[in-house]
Amino acid sequence: MNSWLYLCGMSEKFTNHMLGLQLPTDPRWVNIAQMNIEDILVDHAYCEQKAASSCISLIVQYPDKKDLVDMMTPVVAEEWSHFERVIEQLNKRGMKLGKQRKDEYVIRLQGILKKGGGREEQLVEKLLMNALIEARSCERFKMLHLHIEDGELKKFYYELMVSEAGHYKNFLSLAKSYMGEEYVSKRWKEFLVEEAKIIESLEVRGDRMH
């Protein structure tokens with residue numbers, strides 16, 4: 001964990017390189033987000049809920065894979081605790097959860113997934129998509145930690161930044177255990193290239209975490 005803490009403390013360019021991200025978030029995003037913190041917290045809460053649900057889904061679909069079940073089970077608990085902590089931040093500020101918004105980023109990411117293939121190949125596709133979401137979340141949390149004025153939220157997003165980096169690492173490691181280093185590294189690079197195109201095409205919005 002200390003190595004990942006160190007990683008997330010590096011410059012933004014270096015961090016993005018280590019996480020594999022090909023395109024950094026537009027710096028305007030964090031300024032707009034700070035002016036719309038209620039919207040960001042609401043969207044963030046649903047992101048954490050979906051992250052927990054995604055891990056549960058993997059466990060349900062692949063109950064025979066003990067290493068996956070063992071790794072995903074504590075992640076479910078951690079992501080749900082993040083959801084609870086975001087709700088706490090909303091409550092402290094007299095804000096309500098509100099309705100879930102359409103997650104265009106994740107919808108577009110789903111379009112990267114390969115169709116067909118064997119059971120483990122499909123599993124690796126899902127693991128890589130989860131790894132990518134965690135990597136981008138780590139980057140966004142770092143931006144909030146560094147630039148947001150709210151002292152409590154600065155600390156909050158620092159802690160979550162470190163957590164997401166750990167999840168990213170775990171998803172990639174698990175994927176490599178099923179399809180091998182060479183296959184996963186090649187496919188991961190393809191994911192990164194396509195994700196950069198998605199980030200470039202999306203509108204810079206202050207009411208979305210991604």
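**Group meeting talk: an all-helix chain and its core**

Good morning. I begin with the cysteines: the count of disulfides in this structure comes to zero. Take C55 as an example: C55 takes part in no disulfide, and the nearest cysteine sulfur, that of C47, is 13 Å away. Are C55 and C138 buried or exposed? C55 is buried, at 1% relative accessibility, and C138 is buried as well, with a relative accessible area of 0%.

Please keep in mind throughout that this is a predicted model.

Let me turn to the overall fold. The protein chain contains nine helices and zero strands, and reading along the sequence gives the pattern α-α-α-α-α-α-α-α-α. Along its principal axes, the C-alpha trace spans about 45 × 35 × 30 Å. Buried residues account for 48% of the 210 residues. Among contacts between residues at least 6 apart in sequence, 82% join residues at least 24 apart.

One pair of residues illustrates such separation in sequence. L21 is found in the loop between α2 (12-19) and α3, and this residue is buried, with a relative accessible area of 6%. L21 and A196 are 175 residues apart in sequence, yet their C-alpha atoms are 7.4 Å apart in space. A second pair reads otherwise. A165 belongs to helix α8 and is buried, at 0% relative accessibility. From A165 to Q110 there are 55 residues in sequence and 21 Å in space, C-alpha to C-alpha.

Next, the interior. In soluble globular proteins, nonpolar side chains tend to be buried together. Which residues have the most contacts inside the largest nonpolar core? They are Y105, Y157 and W188, in a core of 62 residues. At least two residues of this core come from each of α3 (28-35), α4 (37-61), α5 (66-92), α6 (104-110), α7 (119-147), α8 (151-179) and α9 (181-201). As for W188, leaving aside residues up to four places away in sequence, this tryptophan touches L19, L128, A131, L132, Y168 and L172.

Y157 leads us to the aromatic rings. How many aromatic pairs does the structure hold? There are four. In one of them, the rings of F156 and Y157 have centres 5.1 Å apart and planes at 65 degrees, which makes the pair edge-to-face, because planes over 60 degrees apart are classed that way. F156 is buried, with a relative accessible area of 3%, and Y157 is buried at 0% relative accessibility. Ring pairs also join F141 with F156 and Y157 in a cluster.

To summarise: the chain has nine helices and zero strands, its largest nonpolar core has 62 residues, and its disulfide count is zero. Thank you for your attention.

Key. Residues numbered from 1 in each chain as written. Predicted model: local features only at pLDDT ≥ 70, side-chain atom pairs only at ≥ 80, totals over all residues. Heavy atoms only, no water. Core = buried A, V, L, I, M, F, W, Y, C linked by side-chain atoms within 4.5 Å. Buried < 20%, exposed > 50% of the residue type's maximum accessible area, 1.4 Å probe, protein only. Helix = DSSP H or I, 4+ residues; strand = E, 2+ residues; numbered from the N terminus. Contact = heavy atoms within 4.5 Å. Disulfide = S-S within 2.5 Å. Phe/Tyr/Trp six-rings, centres within 6.5 Å; stacked < 30°, edge-to-face > 60°.
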